[in-house]
Amino acid sequence: MKRYSIIGVACAALCVWVAAARGNAPASPRFQALKCPPVALGQTWAILDRDGANRQVEPYLSSLANGESGTGMISSPPFIVDSDEITMTICGHDGPQGGQKKNFVAIVDARKGEVLLQVPPPQNDALQVSKLDVRGLRGTQVRIELRDGDSGTGFAWMGVGAIDAGPALRVDFKQGMPTGWAEAVHTADVRYDLLEGGVPFKRLLSSFTIIPKNGSVEIPCGFAAERLYFLGCTANVRPLETCGGIEIHYKDGSPDVIPLMGGFTLDDWGKLLSPSKALRLHPSADPYQHYLVIRPRSEVIEKIRLVAAPDGIIPRITAITCETTAEAETLMPLPSTTLNSREAAWIEANAISADALNLNDVIKAIRADHKMPAPESPIGFRKHRLDSAFRSEGLAVADFNGDGRLDIAAGNVYYAGPDWKMVPMFGEAKAFNRFGYSDAFLCYADDINRDGHTDLIVVGFPGQQSRWLENPGSPGSHWKTHPVMEQTGNENPAYVDVDDDGRRELVFMHGDKCALARPGVDPTQPWTVQVIAGPGDPGAAHGLGVGDINGDGRLDVVIPDGWWEGPASASTSSWTFHPAKFFGGAQLCVADLDGDGDSDVLGSSPHAYGIAWCEQTPDGWQMHEIDHSISQTHAIAVADMNGDGLPDFVTGKRFWAHNGHDAGSFQLSVLCWYEQKRVDGKPQFTQHLIDAESGVGLQFAIVDLNGDKRPDIVTSNKKGVFVFEQVSP
């Protein structure tokens, strides 16, 4: 709050600058305000652990539950005054300079309702001790009321940490809301404020932000726009921290997703602008709010979805202005506006387009400007984008055209190496809408019919058909499709030689049972299924792996609830299930991560946060969390990436795994490798960012593509198809 005079001077200077520059630039296109729904306020008072600057504090009772504009009263149960003094700790404000008499703590006659004493907040974000002399009220039945009557958006909140009124009433709000304290739920009034001076905005005054506490809001549109302007764009976040996103959904086509990230599209509402040159915020006529400009595609926008991190800081967005000449019920007129030439030039240079984002450069700029060194990586990667279309979420690497070089197959096409020219398998390459799913979740290369040509197995959407595509042996010719299974359960089947007969099996969930599938005498017919799960074994699992758990030289099958022990004859003998609790729901990687001679299990979180490994010990399995910063790590693989002899691993975000409705779906689509070092004999993993705008799908490949003896990475997902060639750092 000490910055108030500095920002006031900045605001005055800005107004003078705007006024001086008006009148010498051409009129801007038509600006219209997007109608934003009012926010359901819920309760004004709640136990919070954040103060007015959004800093972490000990829990206290605060009227900030719905932002500073929330108003309401909460009361203690009646009690008889039986002490000479009431002591309480209070924080907050009664207007910018105090003295508004809208926010206060009141001692109220419980029978008559009269205010007997009142105490204003101390004009401080920190709790201050306040003592009331109540000797004259001994024997009176009273109640303590906490009143917030200020609906402003600044210096309009208060809080209480503890109250000591003697034996009759002692409350410490660190312990939670006490019995008998209650407040009715409030509904926001729709009140607008017109903000002029540059790009105009009609902002909601009745709520601190358009984004509600449940974390997301969908705003109907129904028009095309040249640009979209988002006012506010503030949150108390660190540089590079992403706490929300803007999704632009089109009537026909995949959505655009713009991350709300500190130092780029968000800044701390309590500070001046970030020093980063990557920042894309422009001052508005309100010194506390800035605006972000997005250039959408030239298509009809169906809706705009604003989303915040669950259990995190909710970004502040108070208004959306659309630069459009369209007419729609969702738009409200704004005054005719002429932008000065400098602001118009800034908008032209800084409008963000989802198709043109280079988040890798953004991250580098923010790190450099904020002096945030990244972990030094012993290896580097050169990115090659083979395709921008959504072809599949799995891929296979093999020589499909018979020229002796590795190719990359993704669903219904392959990319011929080394130039990666796309070759459709069915005459025309099929692409999928990112706002949905493909029919290719995982891909495996194998010569199914033993004709000398590499075919492709494609596992479809869970519960639907899997198939194999017969290689015609002539590039450009039509591939035939043959069934594998009519229904293939779970999202992470494996394709591996389980029974050591020289042919691989598909390991998957058949209905509610774990099973193996093999081609029969005629591979063009549906494959033969062998159920390995017993009658009482666990059912379908989101997550699966294959490896030698018990060190007997035979492969076992792992799910999050335990593992099936591979018998001496995997195709005929029964499999024994061993209950256990493994972390993860994607690929479960079986490897000796700690070098002690037995197998451990590495897992990730396909629809949540977290990566962890489970150590095999004489006393059972012990879990060790590695990272909790990335969500939707729907694919993971172990490999020695830097050639030091220790197992590292690669993972990343599966972009829009559930179409924007998973935790952290708005965060950057990162691809990372985790370097292992041993500390006191135990694995320690360091995350190294490879890329910030690709991620993983449900399956990726780590393979030496160019024969330089260094592992490269190949991915396919809703962002496209990518090769990350390992190079020197």
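In this predicted model, strand β33 and strand β34, which comprises residues 505–510, pair in the antiparallel sense over four bridges. Within this part of the chain, Val-496 stands opposite Glu-505 of β34. The points below set out the sheet, a single threonine and the chain as a whole.

**The sheet**

- Four strands form an open sheet in the order β33-β34-β35-β36, and their pairing is antiparallel.
- The edges are formed by β33 (489–496) and β36 (528–531), each of which pairs on one side only.
- On average, neighbouring strands of this sheet are turned by 30° against each other, with direction ignored.

**Thr-337**

- Thr-337 belongs to the loop between β23 (331–333) and α2 (341–350).
- Thr-337 counts as buried because its relative accessible area is 10%, and the cut-off for buried is under 20%.
- A polar atom of the Thr-337 side chain lies 2.9 Å from the backbone oxygen of Pro-335.

**The whole chain**

- The chain contains three helices and 51 strands.
- Its C-alpha trace spans about 95 × 70 × 45 Å along the principal axes.
- The chain has 729 residues, of which 56% count as buried.
- The chain exposes about 29500 Å², and carbon and sulfur atoms supply 50% of this area.
- Among contacts between residues at least 6 apart in sequence, 64% join residues at least 24 apart.

Definitions and conventions. Residues numbered from 1 in each chain as written. Predicted model: local features only at pLDDT ≥ 70, side-chain atom pairs only at ≥ 80, totals over all residues. Heavy atoms only, no water. Helix = DSSP H or I, 4+ residues; strand = E, 2+ residues; numbered from the N terminus. Buried < 20%, exposed > 50% of the residue type's maximum accessible area, 1.4 Å probe, protein only. Polar contact = N/O pair within 3.5 Å; in protein donor to acceptor, adjacent residues only side chain to side chain. Pairing = 2+ DSSP bridges. Axes fitted to C-alpha atoms, helices over the stretch in contact; angles between N-to-C directions. Contact = heavy atoms within 4.5 Å. Areas by Shrake-Rupley, 256 points an atom, 1.4 Å probe, with all protein chains shown as cover.
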